Amino acid sequence: MGKGVALSTAEPMGATRWLLRGHSALVYAFFYAPIVVLAFYSFNESQLVGRWSGFSLRWYEAFLQNDNIQSSLWVSVKICAASTVISVVLGTLAALSIERFRWWGQKVFDAVLYLPIIIPDVTMAVMMLVFFGETAELFNVIPGVDLTDGLEKLVLSHVAFNISFVSVVVRARLANLDEAMEEAAADLYASRWQAFRRVTLPQIMPGVLGGALLAVTLSLDDVVVSSFVSAVGATPVSVYVFGMLRKGVSPLINAVSVVILAASMTLVMASLVLERATSSRKR
Amino acid sequence: MDVVVDPGLEHQAERARSRQGFLMGLPAIIYLFVFFVIPLGFVVMYSFATRTRTGRTELAGWNVEAYERLGEAVVRAVAFRSLWIAAVTTLLSLVLAYPLAYFISTRRPATRNMLLVGVMIPFWSNFLIRTYAWRVLLDSDGIFTRIMSGVGLGDGRILFTNNAVILGLVYGYLPFMVLPLYAAIERIDWSLVEGARDLYASGWSAFRRVVWPLSKPGVIAGSILVFVPSFGAYVTPAILGGNKKGLMGSYIVDQFMDARNGPLGSSLSVLVLVVMLMGTLIYFRQGGRSL
Amino acid sequence: MKKWMSLVAVITAFSIVAVACGDDDDVVQADCEVGQTDGDLAFYNWSDYMDPELIAAFQEEAGVTVTEDFYPSNEEMFGRVEAGGSGYDMIIPSDYMVSILISEKMIQPVSEAAVPNKSNVAERFANPPYDPGAAYTAAYQWGTTGIGVDTGVTGEDVPHTWGLLFDEAVADQYGLSGKISILDDPRETMGAALKYLGYSLNSTSKSELAEAEAVVADAVDRVAAFDSDQYSELIVLGETVVGHGYSGNFLWDFEEGESTYDYFVPDEGGTIWVDNMAVLTDAPHPCTAFAFMNFLLDAENGAQLTNFNWYASPNAAAEAFIDQEVLDNPIIYPTDMSKLEFIKDTGDFEIEYTDALSRARS
């Protein structure tokens, strides 16, 4: 990542520079506009999102009193963490295997790797439902595995689509990346693992992080697949919200979203500050 | 590396390397085989199966009726409308995301990470709630509607139009475009750009001849990540478009949920898979190398 | 590689199916006694449909914990319990879904000994067409499907007709173009069009359905949205003026609005629907589920439910305890029941409804 050198040439000069900045600011405004709206209405007195009738914390109180929604929040966090870790490892390995090596049958794997991205949500949902319905008994024979547990099914299906997304992002990074460096490193360092850790990994890190971000987002946001494979006691928050839709959207969900956003922003800020602190100490 | 080597040894090394590559991919291969390919096998089987009177899919009486129905006019209409909407969404996303990804890539590393996470955080709230928040922005007296008519870009409610659907899809899938673009642009060796600038003098042609070609893998990956889900989307069109004109996603959902027509839902899914996979592979060939 | 992979896939898939296909045809029925429980209850319900205080009271009384999850449509619920092993004990399916569930053997007959309060159910709901003799279910709540109108915009004298949704002349007269929402539900939507044409909403005539399809197709350009979730909010927010939807939902949101509103079932007739309590065949705790069913069929508990969710109670004994203003509300308890029709499972023909709605919008 240490390419801070040539930044002056990278950033365009004159009017273009300001155009670029203005554009980026506008896109960020676009990203956050609905977030501002949903945060605003989480403090609404009325149950109607879209009509302001006065400030109230009643939806936050309702959230604190609602055990179901709190436990579904934890379900989401668990699934998200587990599926992201697994799919980042598997997806990065798959990306390296395809981009860096030639082996027999690779083309087939390459094509299969795209299928989870290409498949319509519902189809994926239906096939996971049927698959788990038909095979749960077979899997349950394996000790320690209990597929009647919705949590395991959720993690398994989230990994199934996340592997592909992670590997696409990592591969975009790997393509055209200078292999000479890696080869030199392989000569230099005693083991391949060392070469990988010292040279390849730092180089592909932005891709891996990007993939991880995508995996987190897809896992938290998935409704369709999750609603088919979740079971009693393992309902992620997205599915819980989906179930409440018949009566329109209650500001309760806005409040929940604000809580999720506030928590994740705090986490991200903390990690960034921590990173900065440790890296400055190293210097 | 031009030292003369014993060809036998070289061949052996090659095979060892090939085996190593396969082993690296193996965990993902096994995983996807068990938890994706086999489940997909069920869908393929469903597409040749029979729908019972009550709407169960019976794995018997194999037939191709579900595939014959793909020729109906309604399927064509729905498919072309979805293609068009997905294409516009992809193009708009590219136009919005490219400058942003470029901007992020040219920040200092610490700032970069923050900006990148800033792109994703809105999407950690809830998908449905975000989409309903767009309803508020796009309705008759919504802020977005007012701004658009203030600038003279159309008047009246945007909600429940195709434009609202496209806007919602662009919003929802823009991060899928930004991430791979960023990953591709960030690794560009800027000394090349500097050289090009000396050579061509204009910043624009330096961009066109150096930056754009080098960022192409990102453009391709991003386009696929946006195009494909837009094509199959059904929640956004329902909430922001009012579900007035059928799209592929909602058509498939209707088959599985309302009609409980597993065979037709499955054959539609297989159709989408085959067309998209072929499109993707061709697109990648065009992009030069197999990304 | 490709070849052996696909071969293995097919063989594996088939062997799995073969293993799973050892079905037995016996009807499962739990034998339970009054108040008997066999574990914590997993309850799968529509949202905002159950008074949390009733759940708390049942937990106290029976000494069990109740987990409640929500579904937004019958189809969504069916999709989730269909494969089996969902872990849920009790569900609240609507009428036509009950017939499907019975024919698929997915719900079990009511354990009569455990639910003595079933005798409280009013006669009208004791022998419904979708479940003869109410052997498998007990009615939970009922209501109608009709039209909600912002009379502040249209005036009080709007004609009570499905033409508000489908007739161009009516739409022009009251300025409804672009201000209409229709349910996104094959049976309800096509049913409304069939009623508008004077046919039964359970018609199994291809030509009648084709006429209805043309009616819906003609209306598409005047409709703001096909929406099954927010039709009442859209009216209150002023985005639409008329909306097609379920009685109780309108009442909830009209309370919040600033205009004057009305809800009615058009004179051509409309849908009466009943949601029912049913216990899944693979319910892990059927006795607790029947205990809960009995608890909800109690006169006072049934009344508390209606006072909470503003849907009509099928519980005859409960009437004495229901608030007078609820009983007197014609939206909750319509005065004329004669023009209301149940949606029936049309079997083979069911699929035609979905296809017609798809074609109308293609």
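## Two domains in chain C

Chain C is divided into domain 1 (34-142 + 273-332) and domain 2 (143-271 + 341-360); the bounds come from an automatic or database domain assignment. The C-alpha centres of domain 1 and domain 2 of chain C lie 28 Å apart.

This is a predicted model: local features need pLDDT of at least 70, side-chain atom pairs count only at pLDDT 80 or more, and totals for chains, interfaces and linings use all residues. Residues are numbered from 1 along each chain as its sequence is written, while chains are lettered from A and ligands numbered from 1 in the order in which they are written.

## Where the domains touch

The contact takes 16 residues from domain 1 of chain C and 14 residues from domain 2 of chain C. Two residues are in contact if their C-beta atoms, placed from the backbone, lie within 7 Å.

On the side of domain 1 of chain C that touches domain 2 of chain C, helix H4 (95-103) and strand S5 (138-150) of chain C each supply at least two residues. Helices (H or I, at least four residues) and strands (E, at least two) are DSSP runs, numbered from the N terminus. H4(C) gives the largest share of that side, four residues.

## The largest nonpolar core

A nonpolar core is a set of buried Ala, Val, Leu, Ile, Met, Phe, Trp, Tyr and Cys residues joined through C-beta atoms within 7 Å; buried means that 20 or more other C-beta atoms lie within 10 Å of a residue's own, placed from the backbone. The largest such core has 277 residues, and Phe290(C) is one of those that touch the most other members. Helix H7 (residues 162-186) of chain B gives the most to this core, with 18 residues. Domain 1 and domain 2 of chain C both give residues to this core, so it lies between them.

Not counting residues up to four places away in sequence, Phe290(C) touches Cys32(C), Val110(C), Ser111(C), Ala114(C), Val115(C) and Val279(C).

Conventions. A residue is buried if 20 or more other C-beta atoms lie within 10 Å of its own, exposed if 12 or fewer, and partly exposed in between; C-beta atoms are placed from the backbone.
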